[in-house]
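Dear colleague,

Please find below the sequence and the structure that I am handing over to you. My account of what was found follows directly after them.

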Amino acid sequence: MYIAKHFVFMKNEHAIRIAIFLIVIWAPIVDNLFSIDPIPPLQEFRTFIKWPDVETSWKKGSNYLGTFETYFKDNLGFRKILIQNRGILLYKWLGVSSLPEKVLIGKNGWMYNNTPYYTEIRSFDNRHLEMWQHVFEKNRDYLKKQGIDYFVIIVPSKGSIYPEFLPSSVDFFSRNPKQNQFIQFLKNNSDVNIISLKEFLREKKKDFQLYYAMDHHWNDIGAFFAYQEILDKIRNHYPNVPPALQLSDVKIHDEIKWSPSFARMLGLNNIIKKNKVTLTIEKQLLSLESELLTPANYNEELEWGDRWNKPIVAAETKQQDLPSVLMIHDSFGNYLRPYLAEHFNRSVFCSRRRYNQVYEKEADVIKREHPDILIQQIWETHLSFHPFDIVRLYE
């Protein structure tokens, strides 16, 4: 009797194991065919690999098997639910990052991008600083020949404004002088108009949170204070430009729910939702007429609803006595657009990362617009890169 029961148990156990094995093998295929994964799409800030073509791979000499493996990983069935549950396990339960090569888990719920600027680079050597000086001065001279004034804005990293929330493993306090070293070198050796916002924003953070805890960007309040400082510096050269708006001229909203970028990178965009601070201008200085610039070779449909976040936007106040401005910037500059546009005859804003992917060279835009002022905005962490790849404007 015992032997018979044991045999039945072993038989059932084998059947269960086989069933589990078949489910594990076939479940991803079923999801690929019928899309039954219940998790909404994850936002991973990257382009997914398409099905590799054998003939194209052969002609290009690329690794077809390697490309196919990446494609398979990108399109594995139930991938979304696996990534999300892994993110929940590691972040919510263990307090660590599921993407440690890109996202650092800091203190008090803060997150930072994992960049060598925080973790490896202690200081810049003179050769590196001289290269940046050379490119800045070449830009200045190139623009000066066209009658254009050149301003450089350096946006501080979140770690420079909020080093106290960095993880204990990141000794950024001793590394923090890098931007000070960079600015001091340029002040001592060059007359390029550099606008550094670090000390100004450090003072302002005493009363307001200026950066998102789970995103590397400043929020609308941080961008607003940065705009005030930028405009004050420009008005030293152009006193007829209207003074900056004040906090009493804007309305602060804090009811929009969103998933910050680091939460999305960890696959938690459906789990972590935060209030997003936004500002709207209640008292406009000048009447604005905005337009989206759409070169013929740009094929993305541009919608008016979110025009300030599009790759290239122009705004006009029709005030002929005011200067015109062209601003070339990264994603931090998107936050500055609606405020700066209030102060110039014509303002053109070009998002550099997306712009170079789909449009012409910056030099062509400069020739076409021929502004009175060119503002080049740079994120502090990019100062560790080669300047030729980041800031060169001349041909």
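I begin with I81, which counts as partly exposed because its relative accessibility is 25%; in the terms used here, buried means under 20% relative accessible area, exposed over 50%, and partly exposed in between, with a 1.4 Å probe and protein chains only. This is a predicted model, so local features need pLDDT of at least 70 and side-chain atom pairs count only at pLDDT 80 or more, whereas totals for chains, interfaces and linings use all residues. Residues are numbered from 1 along each chain as its sequence is written, and side-chain values use heavy atoms, with hydrogens and water left out.

I81 is found in helix α4, residues 79–93. Helices (H or I, at least four residues) and strands (E, at least two) are DSSP runs, numbered from the N terminus. Not counting residues up to four places away in sequence, I81 touches D37, P38 and I39, where contact means heavy atoms within 4.5 Å. I81 and G267 are separated by 186 residues in sequence, and their C-alpha atoms are 9.0 Å apart in space.

The chain as a whole

The protein chain has 16 helices and 11 strands. Of its 395 residues, 47% count as buried. Among contacts between residues at least 6 apart in sequence, 71% join residues at least 24 apart. The accessible surface of the chain comes to about 21300 Å², and 55% of this belongs to carbon and sulfur atoms; accessible areas come from the Shrake-Rupley method with a 1.4 Å probe, and for residues only the protein chains shown count as cover.

Two buried positions

Q376 is found in strand β11, residues 373–379, and is buried, with a relative accessible area of 2%. The side chain of Q376 makes a polar contact of 2.5 Å with the side chain of Y150. A polar contact is a pair of N or O atoms within 3.5 Å; within protein, one must be able to donate a hydrogen and the other to accept it, and residues adjacent in sequence count only if both atoms are side-chain atoms. Leaving aside residues up to four places away in sequence, Q376 touches F136, N139, Y150, F151, V152, I153, I328, I390, V391 and L393.

G333 has its place in helix α12, residues 331–334, and is also buried, because its relative accessible area is 0%. G333 touches M327 and Q377, not counting residues up to four places away in sequence.

K274 lies in strand β6, residues 274–281. K274 counts as partly exposed, because its relative accessible area is 38%. Residues up to four places away in sequence aside, K274 touches M214, I256, K257, W258 and P260. K274 and A213 are 61 residues apart in sequence and 9.6 Å apart in space, C-alpha to C-alpha.

N108 lies in the loop between β1 (103–105) and β2 (111–113). Phi of N108 is near 55°, a positive value in a residue other than glycine, and N108 is exposed, with a relative accessible area of 68%. H370, in the loop between α15 (362–369) and β11, has a positive phi of about 45° although it is not a glycine. At 41% relative accessibility, H370 counts as partly exposed. E101, in the loop between α4 and β1, is exposed at 51% relative accessible area; E101 and T115 are 14 residues apart in sequence and 8.5 Å apart in space, C-alpha to C-alpha.

The second largest pocket

The second largest pocket has a volume of about 320 Å³. On a 1 Å grid over the protein atoms alone, a pocket is an open set of points where a 1.4 Å probe fits, with protein on both sides within 12 Å along at least five of seven lines; lining residues have an atom within 4 Å of a point. Grid points are joined across faces, edges and corners, and a volume is the space filled by probe spheres set on the points.

The pocket is lined by 17 residues, of which I183, K187, I194, I195 and S196 lie nearest its centre. At least two lining residues come from each of α8 (178–189), β4 (193–196), α9 (198–204) and α10 (220–235), and α8 gives the most, with five. The lining divides into five nonpolar, seven polar and five charged residues; Ala, Val, Leu, Ile, Met, Phe, Trp, Tyr, Cys and Pro count as nonpolar, Asp, Glu, Lys and Arg as charged, and the others, Gly among them, as polar.

With kind regards
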